[in-house]
Amino acid sequence: MDKNLSYDSCLAFAGGECFFGFSYGRRGIAVGEICFTTGMTGYQHVITDPSFSDQIILFAFPHVGNVAVNSYDNESSRVLAKGLIFREKPQDFLHHLRTKDFSGWLENNGITAIYGVDTRAITRLIRIKGNQSGIIFPVNEMGMNEALSVLREAGDMNGNELATSASGNARFLPCPAGDERRKVCVVDFGIKDGILRNLKKYFAVVVVDGKKGFSSALEPGNFSGVVLSNGPGDPSATYLQLREDFSKILASNLPVLGICLGHQLLLLAFGCKTKKMLVGHRGTNHPVINLETQKVEITSQNHGFVLDESTLNNKDIIVTHRSLFDGSVEGIKVKNRKIFSVQYHPEGSPGTHDSHYIFTKFFDEINSQ
């Protein structure tokens with residue numbers, strides 16, 4: 001980076017750490033929890049993942065935007081992330097699937113970004129101090145004291161209920177075979193389209209908004225199973241709003257698959273607690289061991305909360321997967337029930353295909369009824 005250039009943007013943490021760089025995308029202010037993702041590909045999938053709601057995403061991999069934007073890699077119709085951080089200035093190269101240039105796409109979606117900062121140093125800071133709120137702001141329009149004042153007023157992710165507002169529109173997605181007998185209810189807490197694409201291979205899918213009262217859709221005979229989706233925010237805050245709905249799901253005796261936030265909500269429904277991680281798991285390269293097969297899966301992950309294992313007192317819950325990074329619980333099943341869940345993202349998008357068997361396992365559970 002040319003040291004003679006004048007920086008026009010700044011990333012600041014509440015502790016006073018500042019990183020100066022250059023504005024990209026929409027010029028303005030972005031406030032949110034700063035977290036880093038380690039994936040080398042799939043930046044469009046990442047940015048459109050609703051689980052990044054109210055967060056500023058730091059890309060640990062330096063080359064972002066280099067194949068522009070296409071119409072296939074969106075995980076949602078909305079961008080809920082607050083801002084982005086890059087080391088290098090994104091370059092809009094031509095690609096045969098390109099429909100929009102990257103910078104224009106960010107502007108159209110109202111996303112403020114900064115580049116030219118030391119992303120490695122920022123990642124080290126987060127790993128030491130944990131995920132925390134930060135602010136991106138234009139240095140010639142806002143002073144440091146004013147920026148830090150705005151930042152101090154921002155809420156923490158703890159207790160922040162975001163999932164019910166991240167859910168999209170209710171919809172029906174027929175399965176390719178047209179077999180309406182295989183119909184599942186997907187509860188949308190901010191679902192990625194990659195999950196729906198995989199479910200559509202096996203089922204007719206009815207998506208319902210993950211708002212209070214969603215369990216009213218579970219009339220007897222309506223569905224063969226229930227999928228609880230991923231989503232943003234503090235799972236305990238979401239569960240407090242939806243406790244009655246989860247009681248009805250568990251009483252229905254339907255097969256249930258939970259993914260990411262859905263996994264955490266299931267554990268809360270069984271009397272467990274969750275806690276905020278110092279540094280979340282985000283990226284496409286997280287090793288997880290399947291304790292039933294002893295096989296290691298390389299998984300795609302995006303979560304900042306995890307099961308507090310000291311509260312796992314229900315003997316009917318069996319741990320099936322663990323992270324090989326920190327040993328945290330990555331999957332469970334319920335004894336004598338067709339209920340299981342994973343903390344990671346079996347659909348990838350982006351990521352490997354190691355865990356796609358989760359969808360076929362759910363299909364087999366339903367077919368064995």
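Tutor: A definition comes first: helices and strands here are DSSP runs, with at least four residues of H or I for a helix and at least two of E for a strand, numbered from the N terminus. The model is predicted.

A salt bridge joins Arg-27 to Asp-8, with 3.5 Å between the closest N and O atoms. The pair links distant parts of the chain, 19 residues apart: Asp-8 belongs to the segment before β1 (9-13), whereas Arg-27 sits in the loop between β2 (18-25) and β3. In general, side chains of opposite charge can pair when their charged atoms come close. Over the whole structure, a search finds eleven salt bridges.

The surroundings come next. The protein is divided into domain 1, residues 9-154, and domain 2, residues 162-367. Their contact takes 29 residues from domain 1 and 26 residues from domain 2. The C-alpha centres of the two domains are 28 Å apart. Between them, domain 1 and domain 2 bury about 1,900 Å², of which 45% is on carbon and sulfur atoms. On the domain 1 side, Ser-51, Glu-75 and Asn-131 supply 28% of the area buried against domain 2, more than any other three residues.

Which polar and charged pairs cross this interface? The rule finds 13 residue pairs in polar contact between domain 1 and domain 2, both residues being at pLDDT 80 or more. It also finds two salt bridges across the interface. A salt bridge also forms between Glu-33 and Lys-276, whose closest N and O atoms are 2.9 Å apart. The side of domain 1 that touches domain 2 draws at least two residues from each of β3 (30-37), α1 (43-47) and α3 (119-129). By residue class, that side divides into nine nonpolar, 13 polar and seven charged residues.

Some local features elsewhere in the chain complete the account. Gln-294, in the loop between β13 (274-290) and β14 (295-307), has a phi near 65°, a positive value in a residue other than glycine. Another loop, between β17 (339-342) and α9 (357-367), holds His-356. Pro-350 also lies in the loop between β17 and α9, and the peptide bond from Ser-349 to Pro-350 is cis, with omega near 0°. Leaving aside residues up to four places away in sequence, His-356 touches Asn-198, Pro-346, Glu-347 and Gly-348. His-356 and Pro-346 are ten residues apart in sequence, yet 5.2 Å separates their C-alpha atoms in space. The side chain of His-356 reaches the backbone oxygen of Pro-346 at 3.3 Å.

Notes:
Residues are numbered from 1 along each chain as its sequence is written. This is a predicted model: local features need pLDDT of at least 70, side-chain atom pairs count only at pLDDT 80 or more; totals for chains, interfaces and linings use all residues. Side-chain values use heavy atoms; hydrogens and water are left out. Domain bounds come from an automatic or database domain assignment. Contact means heavy atoms within 4.5 Å. Buried area is the accessible area (1.4 Å probe) that two parts lose on being put together, summed over both. A salt bridge is a side-chain nitrogen of Lys or Arg within 4 Å of a carboxyl oxygen of Asp or Glu. A polar contact is a pair of N or O atoms within 3.5 Å; within protein, one must be able to donate a hydrogen and the other to accept it, and residues adjacent in sequence count only if both atoms are side-chain atoms. Ala, Val, Leu, Ile, Met, Phe, Trp, Tyr, Cys and Pro count as nonpolar, Asp, Glu, Lys and Arg as charged, and the others, Gly among them, as polar.
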